[in-house]
Each structure stands twice: as structure tokens, then as C-alpha cells.
Amino acid sequence: MHSHCPHCAQSFEPEPGFYFGAMFVSYAINTALFIAAWVALTVVYPDYSLTMLLGLLTGVVILGLPLTYRLSRSIWIAIFVRYDRKFSGDATMKQR
């Protein structure tokens, strides 16, 4: 990931350990994906085995990892850093 926003120069690492809280967001996203995959498996193939369920959930985690990693970090920083739609600064401004 970039260290700063190319548009407004906002630091994506405000302080060391800032993104530890993103783990909770990632946990919530993965839980929602698990439940969706479980319900879909139950609807499509009601006589599934535990091995099939665990294999499906492992696949969901591995395939969804790039999405959940970035999405959880984006959600976490959006909670703490206000987005200003009207900002018109340039990317060459002094790095913070």
C-alpha cells in the first residue's frame, strides 16, 4: 500500500499500530462471508459433510483475503479520518 494518499497527502499510517483495530473489522467481514457461504452450501447441497464445509470456508478465506485486507483497513481509517470531498490540494504538498 502507498504510505500517503496521492491526492491529498494524508498519511495512511497515522501512528504505529493504528491498524490493529482493522482486525476486528476483518473479523466481522469474514464472519459475514462464512455465514453466507454456509447458507449457500446448505441451500445448494443440503447433505454436506464437515470436511466439505471446512474446505469451502478455507477457500472463501484464501480467495477473499486480498479483498478483506484492504477493505478492513479502508473502513478503519474512514472511521477516524474525515473525508473532505471539496478538498482541492495537490499531491506535491508537504508530506506529513
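The model is predicted: local features need pLDDT of at least 70, side-chain atom pairs count only at pLDDT 80 or more, and totals for chains, interfaces and linings use all residues. Residues are numbered from 1 along each chain as its sequence is written, and side-chain values use heavy atoms, leaving out hydrogens and water.

Start with the rings. Rings of Phe, Tyr and Trp (its six-membered ring) pair if their centres lie within 6.5 Å; planes under 30 degrees apart are stacked, over 60 edge-to-face, the rest tilted. The count is three aromatic pairs. One of them joins Phe18 and Phe80, edge-to-face, at 5.7 Å centre to centre with 70° between the planes. Phe18 lies in the segment before H1 and Phe80 in helix H2 (residues 50-80), so this pair ties together parts 62 residues apart in sequence. Helices are DSSP runs (H or I, at least four residues), numbered from the N terminus.

Trp76 and Phe80 also pair edge-to-face, because their centres are 5.0 Å apart and their planes at 65°. Ring pairs link Phe18, Tyr19, Trp76 and Phe80 into a cluster. Phe18 is buried at 13% relative accessibility, and Trp76 is buried at 18%. Buried means under 20% relative accessible area, exposed over 50%, partly exposed in between (1.4 Å probe, protein chains only).

Now the surface. Phe34, Ile35, Trp38, Val39, Val43, Val44, Tyr45 and Met52 make a nonpolar patch of about 790 Å². Patch residues have over 30% relative accessible area and no salt bridge; nonpolar side chains (Val, Leu, Ile, Met, Phe, Trp, Tyr) are joined within 5 Å, like charges within 9 Å. A salt bridge puts a side-chain nitrogen of Lys or Arg within 4 Å of a carboxyl oxygen of Asp or Glu. Helix H1 (residues 22-44) gives the largest share, six residues.

Conventions: Accessible areas come from the Shrake-Rupley method with a 1.4 Å probe; for residues, only the protein chains shown count as cover. Helices (H or I, at least four residues) and strands (E, at least two) are DSSP runs, numbered from the N terminus.
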